[in-house]
Amino acid sequence: MSNPLDIKQWADRYVAQWNEPDPAARAALIREMWALDGVQVLVDPPQEIREAAAGLAFPVPPLEVRGHDALNARVTRAYEMFVASGEHLFECAEEASLLMPNVLGIRWSMVSTHTGQAVGGGLDILSLDSDGRIRTDHQFIGVN
């Protein structure tokens, strides 16, 4: 993972899973890229979830999905919400960074297909297992 070209190709594949229109190809990417028990944690959930938790006197809960089936459902839902209409695409906002051995930082943008302008984005911190598959993905939405 120390080769910058490998990191770039890896980050491009990671972002590609969120844009993939074919359900079978999307599921295949997830199986290739994620460990069997891989987990994605949405560190800062949407405002409505934060408000509901506060209303119940609970701390803000991180949201997480674990395993290929749950990850496929998560990525598919994001595709349906943001990409399927043809209005947006996800892309790397800058070159991915190797933060430490087997830990990558990927800054991404959700871009309007009409204007090319970023309308959202975030940062994913990925921890890879010894086979180079995602073990954990901590996603921070809205982080520039």
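Predicted model: local features only at pLDDT ≥ 70, side-chain atom pairs only at ≥ 80, totals over all residues.

Student: Why is Ala 78 called buried?

Tutor: Buried means under 20% relative accessible area, exposed means over 50%, and partly exposed is in between, with a 1.4 Å probe and protein chains only. Ala 78 has a relative accessible area of 4%, so it counts as buried. Ala 78 lies in helix H4, where helices (H or I, at least four residues) and strands (E, at least two) are DSSP runs numbered from the N terminus.

Student: What does Ala 78 touch, leaving aside its neighbours within four places in sequence?

Tutor: Contact means heavy atoms within 4.5 Å, and with those neighbours left aside Ala 78 is in contact with Trp 18 and Val 83.

Student: How do you know that the buried residues of H4 line one face of the helix?

Tutor: The buried residues of H4 are His 68, Leu 71, Val 75, Thr 76, Ala 78, Tyr 79 and Val 83. Seen down the axis of H4, they fall within an arc of 160°, so they line one face of the helix; the arc is that of the directions from the helix axis to the C-beta atoms.

Student: Which residues of helix H2 are buried, and what puts them on the same side?

Tutor: In H2, residues 23-33, the buried residues are Arg 26, Ala 27, Leu 29, Ile 30 and Met 33. They cover an arc of only 155° around the axis, which puts them on the same side of H2.

Student: What makes a set of residues a nonpolar core, and how many residues has the largest one?

Tutor: A nonpolar core is a set of buried Ala, Val, Leu, Ile, Met, Phe, Trp, Tyr and Cys residues joined through side-chain atoms within 4.5 Å. The largest has 24 residues, and those with the most contacts inside it are Trp 10, Tyr 14, Trp 34, Phe 90, Ile 106, Leu 126 and Ile 134. Helix H1 (4-19), H2, H4 (68-83), strand E5 (103-112) and strand E6 (118-128) are the elements that give two or more residues to this core, and H1 gives the most, with 6 residues. Not counting residues up to four places away in sequence, the residues that Ile 106 touches include Trp 10, Tyr 14 and Leu 126.

Student: Is Arg 133 buried, partly exposed or exposed, and what polar contact does its side chain make?

Tutor: Arg 133 has a relative accessible area of 32%, so it is partly exposed; it lies in the loop between E6 and strand E7 (134-141). A polar contact is a pair of N or O atoms within 3.5 Å; within protein, one must be able to donate a hydrogen and the other to accept it, and residues adjacent in sequence count only if both atoms are side-chain atoms. The backbone oxygen of Glu 32 lies 3.3 Å from a polar atom of the side chain of Arg 133, so this pair is a polar contact. Arg 133 and Glu 32 are 101 residues apart in sequence and 7.4 Å apart in space, C-alpha to C-alpha.

Student: What makes the phi of Ala 57 worth a remark?

Tutor: Most residues other than glycine have a negative phi. Phi of Ala 57 is near 65°, a positive value in a residue other than glycine, and at 70% relative accessibility Ala 57 counts as exposed. Asn 102 also has a positive phi, of about 65°, although it is not a glycine, and at 34% relative accessibility Asn 102 counts as partly exposed.

Student: Why is a space called a pocket, and what lines the largest one?

Tutor: On a 1 Å grid over the protein atoms alone, a pocket is an open set of points where a 1.4 Å probe fits, with protein on both sides within 12 Å along at least five of seven lines, and lining residues have an atom within 4 Å of a point. The largest pocket has a volume of about 360 Å³, and of the 18 residues that line it, the closest to its centre are Arg 74, Phe 82, Phe 90, Trp 108 and Ile 141. H4 gives the most to this lining, with 5 residues.

How values were computed. Residues numbered from 1 in each chain as written. Heavy atoms only, no water. Points joined across faces, edges and corners; volume = space filled by probe spheres on them.
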